[in-house]
Amino acid sequence: MSDLPFGFSHGDDDDRGRGDKPGGGGNDPFGFGAGGAGFDPAALGQMLSSLGQMLSGMGQGMSGGGGGPVNYDVAKRLARQQLGKTVPPVSSGTAAAVADAAHLAELWLDDATTFPAGATSTVAWTANDWIEKTLPTWQRLCDPVAQQISGMWTAGLPEEAREMAGPMMGMLGQMGGLAFGSQLGQALGQLAKEVLTGTDIGLPLGPAGTAALLPTAISEFSEGLEQPESEIMVFLAAREVAHQRLFVHVPWLRQQVLGAVEDYARGITMDFSALEDAARNLDPSALTDPSKLEEILAQGSFEPQTTPEQKQALDRLETLLALIEGWVQVVVAAAVGDRLPGAGALAETLRRRRATGGPAEQTFATLVGLELRPRKLREAATLWKRLTDDAGIDARDGVWAHPDLLPDAADLDAPAGFIDSVIGGGAGAFDDPLAQLAATEAAEREAARTEDEGDKGGEQRPESDPEDPESGKK
């Protein structure tokens, strides 16, 4: 199966070992494709032909899920099934250790950033908790993609075919919701076993202001590492609460990140020419037979087309997430570097985990067709470090005051010019956007007043005639 969801593929995707991961199903949380060919409609045809079996297996799944493009009841049920019948709760001792680690990390971070603590609560989640608490954000991310794709199934059919298949269109929508929910559930179940914190994937998935650590996953992650688990806990807590400081005290940031995903999803288009060609050569009445519909779908393979607008949205999102991760790396390194001897090794372990396409990274990459490239993460961290050294913590954090002040992709590749602009006062204009607006309005009023006085002066004092030497004399 394809390792991309809903048919996403990109010509510049690299081959960083996705296909040879153990338990290959985890690398294909959303894909319908076959053999890496992208979106394979035959998979949907097979689902249609086995409608009875799916419905009987889902029980009340058809009527649940809120009626949207993704059946989230099914997603939640399947995700929990992957975790087993029983997930041990977090003990009071472990919860206290998590709280202590976060408290210590907050104290250390106070000297490394101007942003105050952002987390209003620190919690120790089980894998089930992670599924429950992050599902609302996954819904926001998945709905635009699923809605756009499912709507294209109907829009892409010829008019006559849509009329003949009318009774099946409602079933197609319900089946689509089940299919998306099923594959989302499989992905979330796998992901819930391995994420370490609430922001491990780089997105603010949990409730605002909630710093979350998953101690069971952290214990498994710690196995084989040389550092004590308690130090690893503090290091990961520092990363989590640093993310919370940024997302809470930069109020536009959460919307910018999630909005970029939504902008991408809304721009999805698909090439249905293969499906239309097949439909022209078949009696439309055959569309009422799922097996015939499967034959049509099996004859052509099509996939979403990436538009220039989508490419821009992905570029913005990739850069923004790299800036967030790079800032967190620099701030956490400054906060814990001298206090945790193994902090550098832990940071490198996490970088390699992301570079090799861990489950969290791959799930997000396959969800929106975006792959965070380690080079950009390193470039972003380098920029923030140089800006800290050259301009100071206040100037560095002041860049987050307004989205227009952030460096772009070109600045990540050549940061010197951006750093010079900040040192020269480039970020000061937006430290207080209201003050900047007031200053602009005052300047415009002053210019208008000066121009008005000039006009009045011209009326009271006649112009001199250059040909009359006596003109203009009193």
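Modeller: Helix α4 (residues 92–109) packs with helix α9 (residues 229–249) at an angle of about 60 degrees, and their axes are 8 Å apart. This is a predicted model, where local features need pLDDT of at least 70 and side-chain atom pairs count only at pLDDT 80 or more, while totals for chains, interfaces and linings use all residues. Residues are numbered from 1 along each chain as its sequence is written, and side-chain values use heavy atoms, without hydrogens and water.

Colleague: What do helix, axis and angle stand for here?

Modeller: Helices are DSSP runs of H or I with at least four residues, numbered from the N terminus. Axes are lines fitted to C-alpha atoms over the stretch in contact, and angles run from 0 to 180 degrees between N-to-C directions. Angles under 35 degrees count as roughly parallel, over 145 as roughly antiparallel, 65 to 115 as roughly perpendicular and the rest as oblique. α4 is therefore oblique to α9.

Colleague: Is the crossing of α4 and α9 left-handed or right-handed?

Modeller: A crossing is right-handed if the near helix is turned clockwise from the far one by less than a right angle, and left-handed if anticlockwise. For α4 and α9 the crossing is right-handed.

Colleague: Which residues of α4 and α9 meet?

Modeller: Contact means heavy atoms within 4.5 Å. On the α4 side, Val98, Ala101, Ala102, Leu104, Ala105, Glu106, Trp108 and Leu109 meet Met233, Val234, Ala237, Ala238, Val241, Ala242 and Arg245 of α9. The residues of this contact divide into 13 nonpolar, no polar and two charged. Ala, Val, Leu, Ile, Met, Phe, Trp, Tyr, Cys and Pro count as nonpolar, Asp, Glu, Lys and Arg as charged, and the others, Gly among them, as polar.

Colleague: At what angle do α8 and α9 pack?

Modeller: Helix α8 (residues 215–222) and α9 pack at about 120 degrees, with axes 10 Å apart. That makes α8 oblique to α9, and α8 passes α9 in a right-handed crossing. This contact divides into six nonpolar residues, two polar and one charged.

Colleague: Is Asp397 buried or exposed?

Modeller: Buried means under 20% relative accessible area, exposed over 50%, and partly exposed in between, using a 1.4 Å probe and protein chains only. Asp397 is buried, at 3%. Asp397 lies in helix α17 (residues 393–398). Leaving aside neighbours within four places in sequence, Asp397 is in contact with Thr113, Thr114, Phe115 and Trp327.

Technical notes
Helix = DSSP H or I, 4+ residues; strand = E, 2+ residues; numbered from the N terminus.
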